[in-house]
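Please examine the sequence and the structure shown below before reading on.

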Amino acid sequence: MGKFTSSKKTYRVDPLGLNLPNNGVDNEEIDTADNLSGIVAGGVVGATTDGNLIMNEDLSQSITDPIKLLDLISSFETVERDFAFRTISEFVLENESFTQELIKPENIRKIITHLVEPDVQIRVSVIGTFRNLTVVKEDICETLISLDILTPLLSNFVQGIDFIKTLNEKDMKQQKSIETQHVLIQAVALINNLCEVSDKGFSIVSKECKSILTTLFQILINNSIFMPELIMNISEFLTVVTDDNNELNATINNELMLQLFNIIKDSTTINIRLKTLISTIILNIGQLYNKELVIENITPILLSTFQFNTISTLNSDLLKSLNSAKDAKLKYDQLVAEQTDDNDNNNNNNNNNNNNNNNNNNNNDEKMGIDENSNNNNDSDNNNNNNNNNTEESIDESKPITSTVDETIKKTPKNIIKNAAADLVQECEKQFKIQNEQWKDSLLAQQSAIELFVNIVSDAQQQQPDDSNPYDDDDDKFLDIEDGETEQSQQILSNISKFIISTPLCQYLIELLNSIVNFDLTEFGKLNIELLPNISSIRILQKRAMTCLSNLLITFIPKEENVQKILWDLLMKIANKSFTTNDIDIIEMTTSSLWSIMRTNSNIGFTTEIEIKNLVELAIKSPNSIKTNLIGIIGIAGQKPYCQNILKEVAMFLLQCLNKDLPADIISESLNSIFDIYAEPNVNNIVKEVSLIQHLEAFIPIIRNKIKTDKKKLDRALLDRLDESRINLSRFITYKKSQK
């Protein structure tokens, strides 16, 4: 199966340790808005192994020089090592200069030794550090493997799996099992990242997994008793490690496959993303048994992901939840500002009253002119009077003034309102976070399903490779040689293609792409910057959906003309936007699909001379992959009456493409377009004006030599196409010379 790199997540620190939920929470993107959870108001919050907060000003000083953290990881104090690795795991995501220092081999080796830390929280942070590092610097994976990170990492993995496989639901709630799962969550994610990038890492992990693959399946079957993050990470890992890995997959028997399939088949409680991941695993392994049957069984699950409306939920439910959180925060900030102003005013009034009292006392002393004893007695009387007159404002001098003021504020109605507002902010933000995670899960499920369909459709279009090379240097009759396996291979692939065509996949892809294209993502992002990561995810989804639709249209074009028109309009919108953003991949896919539609229905598409002229100019400047598609489109459109006035320009362009240095597909399509456009006698004046026949005759030895030179480089299908064009070239020249 073709591989799509997964949406890698990052490890974020929970300052309260493993005793609290959501420790080491996964994040879909690196969110720079997140504060470093271990730093509060210039101080540093660490955590002891029992989860108690500590404040350590000495540790906080090391933040000013992150490099000192690399010394701190060797401290004899557990708290200091804990703080160091928590902070390092975050700095990897946010501090490029620190990361450059961190990836030096001597530092990597030093950190690898801590993968066997006895303190669980430290071990989680160490693995999380490497996990984050493989996300921000993917090319570090080979270095990590060469420094033998997999030995201690796989030890954590295997030991953790062996421990939790024996536990029942009650045991899973014990502290040790929770800690083990947290280690596994990070370890599995890191192993997955390494396997996706490194073939060597993939090979090492595959060998280690042979003994525990059945256990991993059992864990998925009993998924409800484990942490959801662990189940999700194991599923993602298995989609990678079982991909094109028959030796490993053979360790799973058919009965275990059926058990896992039955778990997701009718479940209404299992996360749709988890269903999609498990479907991928089943397909990877099921190919050893009955590929067609597996595809037929998992397709309904995959198609169910399209029930999620990406744009609608973003623009309604999620946006509404976000705005509620923002409104609640704004109201809270206003209350805080008002209370601050009131406190300032009260303090000013108190200061003024105190000053007035002092002035009055001084004036009375001067006027009365009494002796010291009298002054003392009067002062005592005055103090008693003041105390009697100000009993509600008495201050307990045994407490700090700030503490007394805070206690007074807490008793005011405004503070009650403020506290309620703070609770509302927390609740709204929690609600938004939940909805946002659900939205991301649904989108990723849809994306995974589409990627799986991309692989299924692509595999159905491939033919069995012929390893032998039947061509001799003097043999030009390439088309007479048959592949004995071709008929059987095509029959198997045709059955899969027919099944996929019979599903509503094409309709769902059109609806999804239309909803995205008709929505202004750029403007929405400007107005709601908090949702920019979501918009990035939608753009990735759009590209995956376009890939799937493009591959599908190679196999089949809907027969209904109204559907063809909808398809054409959609593809033109996408193409126009892609030319603006210079998205080469999307342009290649859309032009290929437009060409496929025109081959099916030549009456649909471009209708004016200026459009074809623009296509020629565009093709001249386009890269080869796009140029081939545009040449094919021009070859069909150029036969229309409205192109008569620009046929000379078209001919000159196509002749320029007959260059031995250009790829074989461009040469072949250019010749085919010439044959289609200039075959009839009514264009002979153009043929003569551009000396078309002379140019073609001169190209015959060139194309013969190119076939002989490139026959070992080209795949069989392309080589056959090029030779077919060579044969037709000679026939075309003879045909044109016979015309009067």
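## Confidence of the model

Over residues 366-410 the pLDDT remains under 50, and the model has 13 contacts beyond four places in sequence for this stretch. Residues 463-493 likewise have a pLDDT below 50, and there the model has 42 contacts beyond near neighbours in sequence. Where pLDDT is low, the predicted coordinates should not be read in detail.

The model is a predicted one. For the chain, the mean pLDDT is 81, with 77% of the residues reaching 70 or more. Among the elements, the lowest mean pLDDT, 26, belongs to strand 3 (residues 39-40), while the highest, 96, belongs to helix 22 (residues 505-517).

## Overall composition

The chain contains 33 helices and five strands. It has 740 residues, of which 47% count as buried. Of the contacts in the chain with a separation of 6 or more, 76% are between residues 24 or more positions apart.

## Packing of helix 5 and helix 6

Helix 5 (residues 105-112) packs with helix 6 (residues 120-136) at an angle of about 140°, and their axes are 10 Å apart. Helix 5 is therefore oblique to helix 6, since only angles over 145 degrees would count as roughly antiparallel. On the side of helix 5 the contact is made by Ile108, Ile111 and Ile112, and on the side of helix 6 by Val126, Phe130 and Leu133.

## Aromatic pairs and a charge over a ring

The count of aromatic pairs comes to seven. One of them joins phenylalanine 306 and tyrosine 508: the ring centres are 5.4 Å apart and the planes stand at 35°, so the pair is tilted. Phenylalanine 306 lies in the loop between helix 16 (291-303) and helix 17 (310-368), whereas tyrosine 508 lies in helix 22, so the pair ties together parts that are 202 residues apart in sequence. Phenylalanine 306 has a relative accessible area of 13% and is buried. Tyrosine 508, with a relative accessible area of 26%, is partly exposed.

Another pair is formed by tryptophan 568 and phenylalanine 606, whose ring centres are 5.3 Å apart; their planes are at 80°, so the pair is edge-to-face. Tryptophan 568 belongs to helix 25 (residues 561-581) and phenylalanine 606 to the loop between helix 26 (584-600) and helix 27 (609-621), so parts 38 residues apart in sequence are tied together by the pair. Tryptophan 568 counts as buried at 7% relative accessibility, and phenylalanine 606 counts as buried at 12%. A further arrangement involves an arginine: arginine 599 lies over the face of tryptophan 595, at 4.5 Å from the ring centre.

## Residues with positive phi

Aspartate 244 is not a glycine, yet it has a positive phi of about 55°. This aspartate 244 is placed in the loop between helix 12 (228-241) and helix 13 (246-249). Its relative accessibility is 64%, so aspartate 244 counts as exposed.

Asparagine 582, also a residue other than glycine, has a positive phi near 60°. The loop between helix 25 and helix 26 holds asparagine 582. At 54% relative accessibility, asparagine 582 counts as exposed, because the cut-off for that class is over 50%.

Asparagine 601 is found in the loop between helix 26 and helix 27. With a relative accessible area of 14%, asparagine 601 is buried. Residues up to four places away in sequence aside, asparagine 601 touches Glu561 and Gln564. The C-alpha atoms of asparagine 601 and isoleucine 557 are separated by 9.3 Å, although these residues are 44 residues apart along the chain.

Threonine 215 lies in helix 11 (residues 213-221). The relative accessible area of threonine 215 is 14%, so threonine 215 is buried. Its contacts, not counting residues up to four places away in sequence, are with Ile161 and Lys165.

Terms used
Residues are numbered from 1 along each chain as its sequence is written. This is a predicted model: local features need pLDDT of at least 70, side-chain atom pairs count only at pLDDT 80 or more; totals for chains, interfaces and linings use all residues. Side-chain values use heavy atoms; hydrogens and water are left out. pLDDT is the predictor's confidence in each residue, from 0 to 100. Helices (H or I, at least four residues) and strands (E, at least two) are DSSP runs, numbered from the N terminus. Contact means heavy atoms within 4.5 Å. Rings of Phe, Tyr and Trp (its six-membered ring) pair if their centres lie within 6.5 Å; planes under 30 degrees apart count as stacked, over 60 as edge-to-face and the rest as tilted. Buried means under 20% relative accessible area, exposed over 50%, partly exposed in between (1.4 Å probe, protein chains only). A charge sits over a ring if NZ of Lys or CZ of Arg is within 6 Å of the ring centre and within 35 degrees of the ring normal. Axes are lines fitted to C-alpha atoms, for helices over the stretch in contact, and angles run from 0 to 180 degrees between N-to-C directions. Angles under 35 degrees count as roughly parallel, over 145 as roughly antiparallel, 65 to 115 as roughly perpendicular and the rest as oblique.
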